[in-house]
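This report describes a sheet and a nonpolar core. The structure is shown first, and the description follows.

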Amino acid sequence: MATMRELTPGRVVFVPAGCALLRRPFALYLSAAAPAESPDLAGMVWMQGQLLRADGSAPRRYRIRTTIAPADRLRVEGATMRRCMVATCPAAFDVLALMTGQADAPGWLQTSGVLGGCYVCPTHAPTMTDGQQVFHRPAALHPGEVTCSCGALCVATGSTRGACIVAYGAHLHDVHPARRRTTKGTIDVTPV
Ligand SMILES: [Zn+2]
Ligand SMILES: [Zn+2]
């Protein structure tokens, strides 16, 4: 059972088989959620986010999905898990274990500024900065869009901050040098 208070942007929600429009089980990296408004849909929740596999890992292809499902069938990932904001990246760590000294998270980057408080994993952190020079940083935020310091405009599927985080995560995925090009052409894999 998930409560509306738990369904906040950035959380991962697990949707079991047969309770949403998609029959198979899946998970969502939430960008927005709201109780369904129609009286026939009492107890249902509308959700939008990045589509993940049933185990919460990210598929190679990045897709946004909107769905409606009964709140009492949903399960939300532990509130202390923090995921890499880069689209399709499965990296995560437990912030509580970090704070209590039971784990460390070397190489993780926490964003500051207009999209502050998001996390980027050690693999993707060099895409943003090499420690001296900043290559990509969220520079300006307007409802539904984020401008990167490289000049790219990242247009979100909604006006919430969560939707902007998802859109910026897709941009970081696109500019990550190790990304395999899916369009016709050479596969460009550069170590970072
Ligand atoms: Zn990552
Ligand atoms: Zn950029």
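Two residues are in contact if their C-beta atoms, placed from the backbone, lie within 7 Å. This is a predicted model, in which local features need pLDDT of at least 70, side-chain atom pairs count only at pLDDT 80 or more, and totals for chains, interfaces and linings use all residues. Residues are numbered from 1 along each chain as its sequence is written.

Helices (H or I, at least four residues) and strands (E, at least two) are DSSP runs, numbered from the N terminus. An open sheet is formed by 5 strands in the order S4-S3-S2-S1-S5, with antiparallel pairing; two strands pair if DSSP finds at least two bridges between them. Strands S4 (64-70) and S5 (75-76) stand at the edges with a single partner strand each, so one side of each has no neighbour in the sheet. S2 and S3 are joined by 8 bridges, and Leu-30 has Gly-49 in S3 as its bridge partner. Helix H3 lies across S2 and S3 and runs at about 150° to S2, an angle taken between N-to-C directions on a scale from 0 to 180 degrees, with axes fitted to C-alpha atoms, for helices over the stretch in contact.

The largest nonpolar core has 38 residues; Val-13, Val-15, Leu-28, Leu-30, Met-85, Ala-167 and Tyr-168 touch the most other members. Such a core is a set of buried Ala, Val, Leu, Ile, Met, Phe, Trp, Tyr and Cys residues joined through C-beta atoms within 7 Å, where buried means 20 or more other C-beta atoms within 10 Å of the residue's own.

H3 supplies the largest share, 8 residues.

How values were computed:
Chains are lettered from A and ligands numbered from 1 in the order in which they are written. A residue is buried if 20 or more other C-beta atoms lie within 10 Å of its own, exposed if 12 or fewer, and partly exposed in between; C-beta atoms are placed from the backbone.
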